[in-house]
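The report below describes one protein model, beginning with a pair of charged side chains and moving on to the sheet, the helices and the surface.

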Amino acid sequence: WREKFAPLNRTVDVYAIGAPESPEGYVATHYAKGETLTLVDWCALTPAAARAINGFAAQHRASWQTVDRFGAPADLLSLLQHDRGWTVRSVEPWLTRVIDVETALAARGWPVGERRQIGLQVDDADLPANNATFVLSLENGRAQVSRSQSSAAVRLTVAALASLFTGYATPRLLARAGALATNEADLVVLERLFAGPAPILWDTF
């Protein structure tokens, strides 16, 4: 919190939500002069806590016309609002670079019900160790990764792998962009293996 609040050089009020022995969330606010109430930070572990934060902001509508906060289009506060009375003011994309393909794939989480093997031929012009074919063997939500001297049915750039790995872009979108090439059957498999929520990072540093 010191890192988050100190740069503001201003008073921040923090309100706990729920019983002291079992808190359900909190909201940290800053009241600026003008027409904006800023939610500097918030956490909602339950739907009730999210509704409480939305209600807290709504109670100030007589004093402030707008509320600023960090979040995602599909976070709890957005989903539990009565209407879509919000707009995205700014979006800052962030960068992911896969340094070690073998280690990254082995450490990633995978669908528990999948038991299969698929090869990924990665093109990385800057790191020769990544410029190879990796065989991904999945079982019980875990992966074993090995290298192969053969080509693979799935070919993609290391930049496409980063987008696929994080869920930033779907396999089909990457294929349409020319960053991933494969057949329709493997494309369907990739969509299932790499399915997940869009990556969101609320903190800046």
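The side chains of Arg97 and Asp124 meet in a salt bridge with an N to O distance of 2.7 Å, where a salt bridge is a side-chain nitrogen of Lys or Arg within 4 Å of a carboxyl oxygen of Asp or Glu. Because Arg97 lies in the loop between H3 and H4 and Asp124 in the loop between S5 and S6, the pair ties together parts that are 27 residues apart in sequence. Arg97 is partly exposed at 34% relative accessibility, whereas Asp124 is buried at 3%; buried means under 20% relative accessible area, exposed over 50% and partly exposed in between, with a 1.4 Å probe and protein chains only.

This is a predicted model, in which local features need pLDDT of at least 70 and side-chain atom pairs count only at pLDDT 80 or more, while totals for chains, interfaces and linings use all residues. Residues are numbered from 1 along each chain as its sequence is written, and side-chain values use heavy atoms, with hydrogens and water left out.

| Arg97 and Asp124 | 2.7 Å | loop between H3 and H4; loop between S5 and S6 |

Arg147 is partly exposed, with a relative accessible area of 43%, and Glu102 is partly exposed at 27%. Arg172 counts as partly exposed at 30%, as does Glu191 at 28%. Salt bridges that share partners join Arg97, Asp124 and Asp126 into one network.

The sheet and its helices

Helices (H or I, at least four residues) and strands (E, at least two) are DSSP runs numbered from the N terminus, and two strands pair if DSSP finds at least two bridges between them. Five strands form an open sheet of mixed pairing in the order S7-S6-S5-S8-S9, with strand S7 (142-148) and strand S9 (180-181) at the edges, each pairing on one side only. Strand S5 (residues 116-123) and strand S6 (residues 133-139) run antiparallel and are joined by six bridges, and Ile118 has Leu136 in S6 as its bridge partner.

Helix H5 (residues 158-166) packs on this sheet, touching S5, strand S8 (154-157) and S9, and its direction makes about 100° with that of S8. Helix H7 (residues 184-193) also packs on the sheet, in touch with S5, S6, S8 and S9, at about 95° to the direction of S5. Contact here means heavy atoms within 4.5 Å, and the axes are lines fitted to C-alpha atoms, for helices over the stretch in contact, with angles running from 0 to 180 degrees between N-to-C directions.

The buried residues of H5 are Val158, Ala160, Leu161, Ala162, Ser163 and Leu164, and their cover includes helix H4 (101-107), S5, S8, helix H6 (171-176) and S9. After H5 comes Gly167, with a positive phi near 85°.

Surface

Phe70, Ile200 and Trp202 form a nonpolar surface patch with about 290 Å² of accessible area together. Patches are made of residues with over 30% relative accessible area and no salt bridge, like charges being joined within 9 Å and nonpolar side chains (Val, Leu, Ile, Met, Phe, Trp, Tyr) within 5 Å, and areas come from the Shrake-Rupley method with a 1.4 Å probe, only the protein chains shown counting as cover for residues. Trp202 belongs to the segment after H7.
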